[in-house]
Amino acid sequence: QPTPTGCVKLDDASTRQVDSLIVANGYLYAALNPGSKSGVSSLIWRCDLSTPNDCKNWDSPGDNPIDAPLTVGAGYLWAGLANGIIWRCDLSTANDCHKLR
C-alpha cells in the first residue's frame, strides 16, 4: 500500500492493534493490544518522534488489554486496563507501571 505524500511510517505493530496514542515529554506513547491474535501480550510502546522504527516496549500488562485511551497528567502516563485496574506509569523509566490501590 503506498504511503501518502508527507507521511512517514514511524513503526509497525503488525501483530497488535493500536488502540490509543498520546504525545508526552517529546515521545509518542502507544497502547497496543492483541486484537484477535492469541498468545500475544498487550504493550505500551514509547517512540522517538523523529526516528522511524525506534519504538521500544515501555511496559506490558500481559494478557490484560488496555481498555481506555492513554492519558498524561500529574507527571505520569495513565492506562485503564480491561480488568478495571488503573495503571500509573513513570514517563522516564521503562517497566515502571504500577496499579493504583
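1. Asparagine 33 lies in strand β2; helices (H or I, at least four residues) and strands (E, at least two) are DSSP runs, numbered from the N terminus.

2. A word on the basis of these remarks: this is a predicted model, where local features need pLDDT of at least 70 and side-chain atom pairs count only at pLDDT 80 or more, while totals for chains, interfaces and linings use all residues. Residues are numbered from 1 along each chain as its sequence is written, and side-chain values use heavy atoms, with hydrogens and water left out.

3. Back to asparagine 33: its side chain and that of serine 42 are joined by a polar contact of 2.8 Å (a pair of N or O atoms within 3.5 Å; within protein, one must be able to donate a hydrogen and the other to accept it, and residues adjacent in sequence count only if both atoms are side-chain atoms). Setting aside neighbours within four places in sequence, asparagine 33 is in contact with Arg16, Gln17, Asp19, Ser42, Pro65 and Ile66, where contact means heavy atoms within 4.5 Å.

4. Next, the sheet. Four strands form an open sheet in the order β1-β2-β3-β4, with antiparallel pairing; two strands pair if DSSP finds at least two bridges between them. The edges are taken by β1 and β4 (56-62), each with a single partner strand, so one side of each has no neighbour in the sheet. On average, neighbouring strands of this sheet are turned by 20 degrees against each other, direction ignored; the axes are lines fitted to C-alpha atoms, for helices over the stretch in contact, and angles run from 0 to 180 degrees between N-to-C directions.

5. Strand β3 (residues 42-48) runs antiparallel to β4 and is joined to it by 4 bridges. Arginine 46 stands opposite lysine 56 in β4.

6. What about the interior? The largest nonpolar core has 15 residues, of which Tyr29, Ile44, Ile66, Leu70, Leu77 and Trp87 touch the most other members. Such a core is a set of buried Ala, Val, Leu, Ile, Met, Phe, Trp, Tyr and Cys residues joined through side-chain atoms within 4.5 Å. At least two residues of this core come from each of β1 (17-24), β2 (27-33), β6 (76-80) and β7 (86-90). A second, separate core of 9 residues includes Leu10, Ala13, Leu28 and Ala30.

7. Tyrosine 29 deserves a look of its own. Beyond its neighbours within four places in sequence, tyrosine 29 is in contact with residues including Ile44, Trp45, Trp58, Leu70, Leu77 and Leu91.

8. Now the disulfides: the whole structure holds 2, a disulfide being a pair of cysteine sulfur atoms within 2.5 Å. Cysteine 47 and cysteine 55 form one, with sulfur atoms 2.0 Å apart, and both of these cysteines are buried. In the other, the sulfur atoms of cysteine 89 and cysteine 97 are 2.1 Å apart. Cysteine 89 has a relative accessible area of 0% and is buried, and cysteine 97 is buried at 11%.

9. On handedness, the torsion about the S-S bond of cysteine 47 and cysteine 55 is about 115 degrees, so that disulfide is right-handed. For cysteine 89 and cysteine 97 the torsion is about 115 degrees, so this disulfide is right-handed. Counting bonded cysteines along the chain, the pattern is 1-2, 3-4.

How values were computed. Buried means under 20% relative accessible area, exposed over 50%, partly exposed in between (1.4 Å probe, protein chains only).
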